[in-house]
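This report goes through a protein chain by its loops, strands and aromatic rings. The sequence and the model come before the text.

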Amino acid sequence: MTIIDNTQQQQANEPVVSSPRSVEHLFTGIDTQDGAGVKLTRVLTQELQQRLDPYLMLDNFKSDNPDDYIAGFPNHPHRGFETITYMISGRMRHKDSAGNEGLVENGGVQWMTAASGVIHSEIPEQEDGDMEGFQLWLNLPAKDKMKDPWYKDFQKVDLPQFTTDSGANVTVIAGESHGIQGAVTREVTEPTYLDIHLPTGSRFSHAIPADHNAFVFVYRGSARISDQQIPVKTMAILKNVANTDGVIIEADTTQDTKVILITGHPLNEPIVQYGPFVMNSQQQIIEAINDFQQGRFGEGL
């Protein structure tokens, strides 16, 4: 694991992408509720876990109605993976049984490695206004699932940013793009997590290893990848083709476009999920449930 110090916004040149990926499928997600009734859209569902390995889940939440989010996510357990919460707007307080606490707000990220087990809460620290963001679940390799939990929050100023020659403004949450290292890197899953703001009619190129899974979610405007138009609130899974070297994202021609681009190296390991526990076998799930019930997930909050 590597944590990168804050990088001031920089100018970066577009990489040459000679054989860009195209779109395999589009998904609009499922409207649901989680926590204490928080309304959200589940974009990456359990049925897509094998296809988008090492990613397990992506939720998108956006509302200016406090009734949709005010109750937040009270104490709940996790084991076997990492949670990455990106707050575009709003304020969320994190507390966990490992003794960590942090407040993430506009443009910030909280990164929690549940690993062997943690109980945490995520509660909004606002009574009105807009609450918008994403929560992404990143799987851990089998060898790391029972390591100690870890947590760090990053405010907006902690996240490296760069601007391309074509005017795209990019925040690098994880991984690397255009030679700019993100806030967090992982050696096995090699996640890249970019928030890309594209002015009207502009484009953005990003190099992706051919063996990585990749997807794009449009949360403002609309985008085009290859010959496929991607509407707002839609996820595009990018095709895995051996000779491709990246992706080219084109913005809407009538309005600014905002997307997140997420890529990663698949683990190719068994995925067994039971609610907040993601392990490699049914027996490990049973052990996780027993450990939680026996109070082995750290001290109380």
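## Arg 186 and its loop

Arg 186 sits in the loop that runs between β19 (184-185) and β20 (192-198). This placement, like everything below, is read from a predicted model. Arg 186 has a relative accessible area of 12%, so the residue counts as buried, the limit being under 20%. The side chain of Arg 186 makes a polar contact with the side chain of Glu 82, at 2.8 Å.

## Strand β20 and its partners

Of the seven residues of β20, six are buried, and the strand is thus described as mostly covered. β20 pairs with β16 (residues 169-174) in the antiparallel sense, and five bridges are found between them. Within this pairing, Tyr 193 of β20 stands opposite Ala 174.

β20 is also joined to β27, again antiparallel, by seven bridges. Here Thr 192 has Thr 263 in β27 as its bridge partner. As a general point, strands of a sheet pair through backbone hydrogen bonds, either parallel or antiparallel.

## Asp 256, between β26 and β27

The loop that leads from β26 (246-251) to β27 (257-264) contains Asp 256.

Which residues does Asp 256 touch, leaving aside neighbours within four places in sequence? The contacts of Asp 256 are Leu 198, Pro 199, Thr 200, Arg 220 and Gly 221. With Thr 200 there is a specific polar approach: the side chain of Asp 256 reaches the backbone nitrogen of Thr 200 at 3.0 Å. The C-alpha atoms of Asp 256 and His 197 are separated by 7.5 Å, although the two residues are 59 residues apart along the chain.

## The open four-stranded sheet

β26 also belongs to an open sheet of four strands, ordered β21-β26-β23-β24, with antiparallel pairing. At the edges are β21 (203-207) and β24 (228-230), each of which pairs on one side only. From one strand to the next, the twist averages 25 degrees.

Inside this order, β23 (residues 223-225) and β26 run antiparallel and are joined by three bridges. Ala 223 stands opposite Ala 251 in β26.

## Aromatic pairs

The count of aromatic pairs in the model comes to eight. One of them is formed by Phe 134 and Phe 217, with ring centres 5.6 Å apart and planes at 80 degrees; this angle is over 60, so the pair is edge-to-face.

Phe 277 belongs to strand β29 (residues 277-279) and Phe 297 to the segment after α1 (282-293), so the pair ties together parts 20 residues apart in sequence. Phe 277 is buried, with 4% relative accessible area, and Phe 297 is buried with 2%. Ring pairs also link Phe 134, Phe 217 and Tyr 219 into a cluster.

## Asp 34 in strand β4

Asp 34 is located in strand β4 (residues 30-34). Its relative accessible area is 32%, and Asp 34 is therefore classed as partly exposed. Beyond neighbours within four places in sequence, Asp 34 is in contact with Leu 40, Arg 42 and Phe 73. The C-alpha atoms of Asp 34 and Asp 59 are separated by 9.9 Å, the two residues being 25 residues apart along the chain.

## Confidence of the model

The average pLDDT of the protein chain is 91, and 93% of the residues score at least 70. Residues 1-8 have a pLDDT below 50, and in the model this stretch has 21 contacts beyond near neighbours in sequence. Where pLDDT is low, the predicted coordinates should not be read in detail.

Notes
Residues are numbered from 1 along each chain as its sequence is written. Side-chain values use heavy atoms; hydrogens and water are left out. pLDDT is the predictor's confidence in each residue, from 0 to 100. Contact means heavy atoms within 4.5 Å. Helices (H or I, at least four residues) and strands (E, at least two) are DSSP runs, numbered from the N terminus. A polar contact is a pair of N or O atoms within 3.5 Å; within protein, one must be able to donate a hydrogen and the other to accept it, and residues adjacent in sequence count only if both atoms are side-chain atoms. Two strands pair if DSSP finds at least two bridges between them. Axes are lines fitted to C-alpha atoms, for helices over the stretch in contact, and angles run from 0 to 180 degrees between N-to-C directions. Rings of Phe, Tyr and Trp (its six-membered ring) pair if their centres lie within 6.5 Å; planes under 30 degrees apart count as stacked, over 60 as edge-to-face and the rest as tilted. Buried means under 20% relative accessible area, exposed over 50%, partly exposed in between (1.4 Å probe, protein chains only).
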